[in-house]
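Open the model in your viewer and keep the selection tool ready. The stops below each give something to select and say what is there.

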Amino acid sequence: YADVTHEVQPITSGYRIALVYNVVNNSPGHHQSATLAIEQKYQLSNTLCGWNRAASIPGMEFPEALIYQLDHQYTDDHLKFQALKGLDRVKAEYLRETCENADICFYLASMEYRKEGSAEDDSYDGIHPLDDMLEEQITLTRIIDLDGNILALDLELYDEDLIVQEGAFERDPDHEDYEGYTGNAGATATHWFHDT
């Protein structure tokens, strides 16, 4: 099962049937032209080269890293440059080439985002919304180079602004730890998000 969230349960009776198919979109619409792709690659190259030049100016402050979330979620075993799928592969190819030209390091990583705070007692789909954020943290749990070599484990970052995409975690968490009201203490929850 490629690129879908699923759960396989033990068969208690009968048979398991798996349907495998490819979905192809032949509808008319916007298709990216080669010219547009080359222009976007050129813009990316100019941006990263300019950023790298500006970072060498004394007194200029730049983030320690920029994080771009992939469209697909990969397990640690499948997070490899050669195993990237679809647009993830295309974007990674662009970034690899552009970062090489700009003398910028490009790595792949598994990421965990944790936010915790006071929570509502009522839940929707088993998730308790957070009222007040008390703490948040991004951890790059596994960082690898493009050859698949592990470079670092559990690198903690404290700035969500390092993530390039807007609203990267404006979705339901992948996991929640919830503690209801206890005496004088209000309800709290920790939301966990896992991405690559």
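Select aspartate 132 to begin: its relative accessibility is 49%, so aspartate 132 counts as partly exposed (buried is under 20% relative accessible area, exposed over 50%, partly exposed in between, with a 1.4 Å probe and protein chains only). Aspartate 132 sits in strand β2, residues 130-144. Helices (H or I, at least four residues) and strands (E, at least two) are DSSP runs, numbered from the N terminus.

This is a predicted model, in which local features need pLDDT of at least 70 and side-chain atom pairs count only at pLDDT 80 or more, while totals for chains, interfaces and linings use all residues. Residues are numbered from 1 along each chain as its sequence is written, and side-chain values use heavy atoms, leaving out hydrogens and water.

Now zoom out to the protein chain. It has two helices and five strands, in the order α-α-β-β-β-β-β from the N terminus. Of its 196 residues, 28% count as buried.

Next, select glutamate 135, also in view of its partner arginine 114. The two form a salt bridge, with the closest N and O atoms 2.9 Å apart (a salt bridge is a side-chain nitrogen of Lys or Arg within 4 Å of a carboxyl oxygen of Asp or Glu). Glutamate 135 lies in strand β2 and arginine 114 in strand β1 (residues 108-119), so the pair ties together parts that are 21 residues apart in sequence. Glutamate 135 is partly exposed at 36% relative accessible area, whereas arginine 114 is buried at 11%.

Which residue meets arginine 96 in a salt bridge? Select glutamate 93: the N to O distance between the two side chains is 2.7 Å. Both residues lie in helix α2, three residues apart, about one turn of the helix. Arginine 96 is partly exposed at 28%, and glutamate 93 is partly exposed at 26%.

Another pair to select is aspartate 174 and arginine 171, joined by a salt bridge with the closest N and O atoms 3.3 Å apart. The structure holds seven salt bridges.

Finish at asparagine 149, in the loop between β2 and β3 (150-157). Asparagine 149 is partly exposed, at 41% relative accessibility. Leaving aside neighbours within four places in sequence, asparagine 149 is in contact with Ile143 and Ile144 (contact means heavy atoms within 4.5 Å). Select lysine 80 as well: asparagine 149 and lysine 80 are 69 residues apart in sequence and 9.4 Å apart in space, C-alpha to C-alpha.
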